[in-house]
Amino acid sequence: MKFTGPFLFILATLMIDAIGVGIVFPIMPDLMDRVGAGSTAEGAFWGGIMMSSYAAAMFLFGPIVGSLSDAYGRRPVLIWALATLTIDYVIMAMAETYWVLLVGRILAGMAGATYITATAYIADIAKPEERGAAFGMIGAAFGIGFVLGPAIGGLASDWHITAPFWLAAVLSALNVVFGLLVLPESLKPENRRAFGKRDLNPFGTIMRAFVVPGLAIPLICIFVFEFANMVYPTLWAFWGREVFGWDGFTIGLTLSAYGVAVAAVQAGILPRLTKRLGDYRTLLIAILAGVIGMVGFGFAGAVWMVVVFLPISALSDMAPPLMTAFAANRVGEDQQGLVQGVIASLSSVAAVVAPLALTGVFEQFVGGEWIYFPGAPFLVAALLIVAIVPLIVRLRTSNPGHRS
């Protein structure tokens, strides 16, 4: 995949978007305290509600956004999404109650088209055999964003609890201007399809995707993996505070370190592994790393264990772009937005249920009557990944277009 101007813009867009998202993570425990949470466990629960609401909105609107980009082009949908995210960060910055924060998150979920449209854009300009590595570069851009975002958020929170939101709003606004100036349209008129009433039904859209030959298995794998992987954004800050007593700066520092590792994996290791081993064998490595990392964090009782398992866990982030490539190569050019929207919706369903389930587990093992074991959610996530291994095995033969 050549680093053309449009490709570099998409990477820059996603990096800035990731900064805007990651900039908030270090302050989540303090933010929940600000709006009335009585304990770390309670704050984790209400933070999980916020994440679930965002994901629910994205589930409902993800397929619609993807189908709109198939009908009207990637550029206008992407610009609209970035502008809406700017408004969302302003709302979050001005919020003084939990319910206003919740409204802001729902609005952001409704406009959650940045990743959907960007991946469809990449699918437009990349050859089928290049998509796995190209989607990996998207992950690398997110990784770099998460290096900068949590670090900036941790530092900015020393000025004021809302400072990270204002910084995110400024970055998003600048990104809108950048997009208006340089982003060309990637979807040719002959590759567009009409937008119909059935595209307004996310359930029907998902069902149509599941009947496409060979598409069901990668979609199921993506859903389960994303569900398990939600343990990190949902609980990392609360787990770090509970187990190690980390403050916002330290949480931001560890998230930045993880971002460095993810960027190195997806920009450097993933392209080399797929070239040498093929997509399937590289995916197996990612799955194994995911299980090892989650089990390691589950039993971590010292900071040195976090240092050891963090880079191993970063290797697991090769799995989503590879499974996305398996899915993208099963449909035509006029359905890339649809498929990316469905993937986003499935990820959103996982993000609706996972925070509720995982924070519930955390609350029971930290503040409930069960045995004290704050790492329990990580072990639950590891078991979920193990459960999809039989489907991963079938994925090799269900998509003959991929080199094994």
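Guide: A helix here is a DSSP run of H or I with at least four residues, numbered from the N terminus. R105 sits in such a run, helix α5 (residues 98–110). The model is predicted, so local features need pLDDT of at least 70 and side-chain atom pairs pLDDT 80 or more, while totals for chains, interfaces and linings use all residues. Residues are numbered from 1 along each chain as its sequence is written, and side-chain values use heavy atoms, without hydrogens or water.

Visitor: Why does R105 count as buried?

Guide: Buried means under 20% relative accessible area, exposed means over 50%, and partly exposed lies in between (1.4 Å probe, protein chains only). R105 has 18%, so it counts as buried. Beyond its neighbours within four places in sequence, R105 is in contact (heavy atoms within 4.5 Å) with M50, Y54, D88, Y89 and M92.

Visitor: What makes D70 buried?

Guide: Its relative accessible area is 0%, so D70 is buried. D70 belongs to helix α3 (residues 40–72).

Visitor: With which side chain does the side chain of D70 make a polar contact?

Guide: The partner is the side chain of R74, at 2.8 Å. The limit for such a pair of N or O atoms is 3.5 Å, with one able to donate a hydrogen and the other to accept it.

Visitor: How do you know that α11 is mostly covered?

Guide: Ten of the 14 residues in α11 are buried. Among them are Y232, W236 and W239. Helix α11 (residues 231–244) also bends by about 35 degrees at A237. That bend is the angle between axes fitted to the seven residues ending there and the seven starting there.

Visitor: What makes the aromatic pair of Y232 and F378 tilted?

Guide: Rings of Phe, Tyr and Trp (its six-membered ring) pair if their centres lie within 6.5 Å; planes under 30 degrees apart are stacked, over 60 edge-to-face, the rest tilted. The whole structure holds 16 aromatic pairs. Y232 and F378 are 5.8 Å apart, centre to centre, with 55 degrees between the planes. This pair joins helix α11 to helix α17 (residues 376–387), across 146 residues.

Visitor: How far apart are the centres of F297 and F378, and what is the angle between the planes?

Guide: The centres are 5.9 Å apart and the planes 50 degrees, which makes this pair tilted. F297 lies in helix α13 (residues 279–299), 81 residues from F378.

Visitor: Why does F297 count as buried?

Guide: F297 has 1% relative accessibility, so it counts as buried. F378, at 0%, counts as buried too.

Note on methods
Helix = DSSP H or I, 4+ residues; strand = E, 2+ residues; numbered from the N terminus.
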